Amino acid sequence: EAVASRAMKRALLGLSLLLSACAGAPSPAPDAPPTEEASPARAPALTLVESWPRETTLDHTALPDAVDVWPALIGEARESLDLLFFYAVTEEGEALEPVLTALAEAAQRGVRVRMVFDAAFHARMPEVPDQLGAIEGVDVRVLDFGPHAGGGVQHAKLFVVDGEAAYVGSQNLDWRSLTEIQELGVLVREPALVGAVADVFEMDWALAGGASLEEARALGTPRRFPVEVDYEGEAARVWPVFSPQPALPEGAEWDWPRLEAALASAEREIRLQVMGYHLVGHGGDTWRDLDDALRAAAGRGVRVQLMVSHWETRPGRIEDLKALHQVDGVEVRVVTIPEASTGFVPYSRTIHAKYLTVDGALSWVGTSNAAGDYFLHSRNAGFVVEGGSFARRLEAFFDDLWGSDYAEAVDPARAYEPPRVSE
């Protein structure tokens, strides 16, 4: 079933790429009679893209897979590819290999390839970035983001193709993110949205090259948002949003105030899925804004549903979830993905998607987990979407996991064993 589903998705992806190519084809002569070919369908302005752990029931036939979308997108590039990722790691024969091959082939055909990785993770795992940087036509930089925003990291996962398409999602440049972890991202082809993502890349590229924060921020281009796009036959309004506030390019919007306003607007239901949820950050600071917003919503009669990874059952994390679960109107479920039949793989078999829906009308998909570090100090990116069709698609994604055998409600009385994450 998984093989058949993936084959169907690849057929749909091929059609989407064909439509994209047709959209850029020359128009017929003015005196040519109108034909169906004269007005080709346009590629969608907004596409949700998933990754799902193999040997699970979490595949969604209607959503293309990143394992297919990424190399196909890279294959579209004719002029430039700009990638901003937390880190990169691969294994021989695994799903990231075609992506890395596509990057090398792009450089070989004359595409300018620029890549930025987080400096701390590069120090731990330099192999793949350094191998890519050794390819002629590929320029790799590492970014120490901490000094620019109070100690955070470059946590975004995004890339831009020819300034015409952009991808933002939860997937790292990691083979496990394509086949061993549940992930979610957004492919956009609307010029203003692509431009906003490109501005963030240009800023971080400049910072990684030694520019001052002031010089890098000036590379941004003010744009007017939201933009209206069609999503599955219905109008949707979209805002690109980023963090952290001190290190945004000119014209970019900080994500947290818009998310906070969305939560404050809730009248019926909030659904939130993230990998991690905690009040105390890596530096020891406590940030309660999100927790307070969820509690306030529940207090006015809004049903709040939160899903997190089983990685959050470790000491120092599970306590916050137990406390929130005991609030009237709030239910927290922990998702455990079974080990693959091939055996234990470190840092995998988990949920890593980050998204939110409010009242079936407003949504967010991004790269931040639910903690202050991500919104206040680290580079992250996402989109806020106002539109029922987009929200319904996300709600279906949420419901499939919420009602699955992988999800169970937090038990405030249970003494959880620390999860096995690494060797």
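Predicted model: local features only at pLDDT ≥ 70, side-chain atom pairs only at ≥ 80, totals over all residues.
## Nonpolar cores

The largest nonpolar core has 96 residues. Ile270 and Tyr277 have the most contacts inside it. Helix H7, residues 191–208, gives the most to this core, with 11 residues. A second, separate core has 36 residues. Ile74, Leu81, Ala106 and Leu178 are among them. In soluble globular proteins, nonpolar side chains tend to be buried together.

## Helices H2 and H3

Two packed helices are described by the angle between their axes and the distance between the axes. Helix H2 spans residues 66–76, and helix H3 spans residues 97–108. Their axes come within 9 Å and cross at roughly 0°. Angles under 35 degrees count as roughly parallel, so H2 and H3 are roughly parallel to each other.

H2 brings Trp70, Pro71 and Ile74 to the contact. H3 brings Pro98, Val99, Ala102, Leu103 and Ala106. The contact residues divide into eight nonpolar, no polar and no charged. Ile74 and Ala106 also belong to the second core.

Helix H11 covers residues 318–325. Six of its eight residues are buried, so H11 is largely enclosed by the rest of the structure. The buried residues are Ile318, Asp320, Leu321, Lys322, Leu324 and His325. They pack against helix H10 (289–299), strand E13, strand E14 (330–335) and strand E19 (407–409).

Thr313 lies in the loop between strand E13 (303–309) and H11. Its relative accessibility is 6%; a residue under 20% counts as buried, so Thr313 is buried. The side chain of Thr313 reaches the backbone oxygen of His310 at 2.7 Å. Beyond its neighbours within four places in sequence, Thr313 is in contact with Ile318, Val334, Tyr416, Glu417 and Pro419.

## Val188 in strand E9

Val188 sits in strand E9, residues 181–188. Its relative accessibility is 0%, so Val188 counts as buried. Val188 and Tyr167 are 21 residues apart in sequence. Their C-alpha atoms are 6.4 Å apart in space.

With residues up to four places away in sequence set aside, Val188 touches Ala45, Leu46, Glu164, Ala165, Ala166, Leu193, Val194 and Phe383.

## Cis peptide bonds

The peptide bond from Phe225 to Pro226 is cis, with omega near 10°. Pro226 lies in the loop between helix H8 (213–217) and strand E10 (227–231).

Ser243 and Pro244 are also joined by a cis peptide bond, with omega about -5°. Pro244 is in the loop between strand E11 (234–243) and helix H9 (255–265).

## Positive phi

Glu232 is not a glycine, yet its phi is positive, about 50°. Glu232 lies in the loop between E10 and E11. Its relative accessible area is 45%, so Glu232 is partly exposed.

Arg349 is also a residue other than glycine with a positive phi, near 55°. Arg349 is in the loop between E14 and strand E15 (350–351). Its relative accessible area is 6%, so Arg349 is buried.

Definitions and conventions
Residues numbered from 1 in each chain as written. Heavy atoms only, no water. Axes fitted to C-alpha atoms, helices over the stretch in contact; angles between N-to-C directions. Helix = DSSP H or I, 4+ residues; strand = E, 2+ residues; numbered from the N terminus. Parallel < 35°, antiparallel > 145°, perpendicular 65-115°, else oblique. Contact = heavy atoms within 4.5 Å. Nonpolar A, V, L, I, M, F, W, Y, C, P; charged D, E, K, R; others polar. Buried < 20%, exposed > 50% of the residue type's maximum accessible area, 1.4 Å probe, protein only. Polar contact = N/O pair within 3.5 Å; in protein donor to acceptor, adjacent residues only side chain to side chain. Core = buried A, V, L, I, M, F, W, Y, C linked by side-chain atoms within 4.5 Å.
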